[in-house]
Amino acid sequence: MKLPLYFKFKAFLFLCLIHLNSVSQDSDIQDLVFYTNENCPFLLTETIVNSSVYCLEYFAVEYNSNRNSTILTIHKITPDQLLLEGSRIKAKRLSNFRPIYINGVLSRNNYDYQGTGYDRGHLVPAGDFVWNQNAKDQTFYHVNITHQKDFLNRGRWAGLENQIRNKVLEINEEALVITGIYFSDNDIDQIGPNQVDIGEAFYKILYFPRTHEVFSWLMLNEINSEEDIKASQISINQLEALTRRNFLEKLPDEIEDNIEMKVNEF
């Protein structure tokens, strides 16, 4: 039976839509040249220990190819990035996420999230770049995106990001933010075509270089976690013991030792 022309046209449009949706996964691929840069402005407190730390224009990432995942990001927040001024043009939020190449290998893409029950959560928040379109666009590279439970991503994690921005505006100081993923020593779930390792928890460190004030949090990647933001605070020393990392190691020892043992009220 021959289909009427109208139905043929609708079928053609449907096939085009499917094609566009599949192509859109890769249509915005940026073949970026990632590079290790010991003068990276985001690494003022951290030491580059391997060739998997890359400095982008607006943040730095540490990428673990075995996990197919970025495991840590570092970026700056300044009051000027956040101040609401009517004369400035607000940066628009992208509607798509962008795969990129890392050392010639394509990073994860949207297919690694589809049907998994996880959100595409930002490590460096898009909301930290209110007025900078290029910076906000870079936060949508898949190298900055991770699998987060929706309860966390849209709840306490988003709340923490907002409170950090409010703190920067409140004290009117530039801050450095370290965001990382904690992977358990137990069996790790792997998801998607790229077999991406799923983090058990996420952490943030907020450091104000001028005053050496520091805050840090650890939040479980669970759908039923009810802990509030205050209850998620831990000391840097506790975080270092858990992650087996040394944070803020470029600071003078007397400053580092003093601030890493405290849990400051936020």
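1. A search of the whole structure finds 1 disulfide, the term being used for a pair of cysteine sulfur atoms within 2.5 Å. This is a predicted model, in which local features need pLDDT of at least 70 and side-chain atom pairs count only at pLDDT 80 or more, while totals for chains, interfaces and linings use all residues. Residues are numbered from 1 along each chain as its sequence is written, and side-chain values use heavy atoms, with hydrogens and water left out.

2. The disulfide joins Cys 40 to Cys 55, with an S to S distance of 2.3 Å. The torsion about this S-S bond is about 75°, so the disulfide is right-handed. Because Cys 40 lies in the loop between helix 1 (5-23) and strand 1 (53-55), and Cys 55 in strand 1, the pair ties together parts that are 15 residues apart in sequence. Helices (H or I, at least four residues) and strands (E, at least two) are DSSP runs, numbered from the N terminus.

3. Cys 40 counts as buried at 3% relative accessibility, and Cys 55 counts as buried at 5%. Buried means under 20% relative accessible area, exposed over 50%, and partly exposed in between (1.4 Å probe, protein chains only).

4. Asn 68 lies in the loop between strand 2 (60-64) and strand 3 (69-77), and is partly exposed, with a relative accessible area of 24%. Leaving aside residues up to four places away in sequence, Asn 68 touches Tyr 63, Arg 108, Asn 194, Gln 195 and Val 196, where contact means heavy atoms within 4.5 Å.

5. Asn 68 and Ser 107 are 39 residues apart in sequence, yet 7.3 Å apart in space, C-alpha to C-alpha. A polar atom of the side chain of Asn 68 lies 2.5 Å from the backbone oxygen of Asn 194.

Key:
A polar contact is a pair of N or O atoms within 3.5 Å; within protein, one must be able to donate a hydrogen and the other to accept it, and residues adjacent in sequence count only if both atoms are side-chain atoms.
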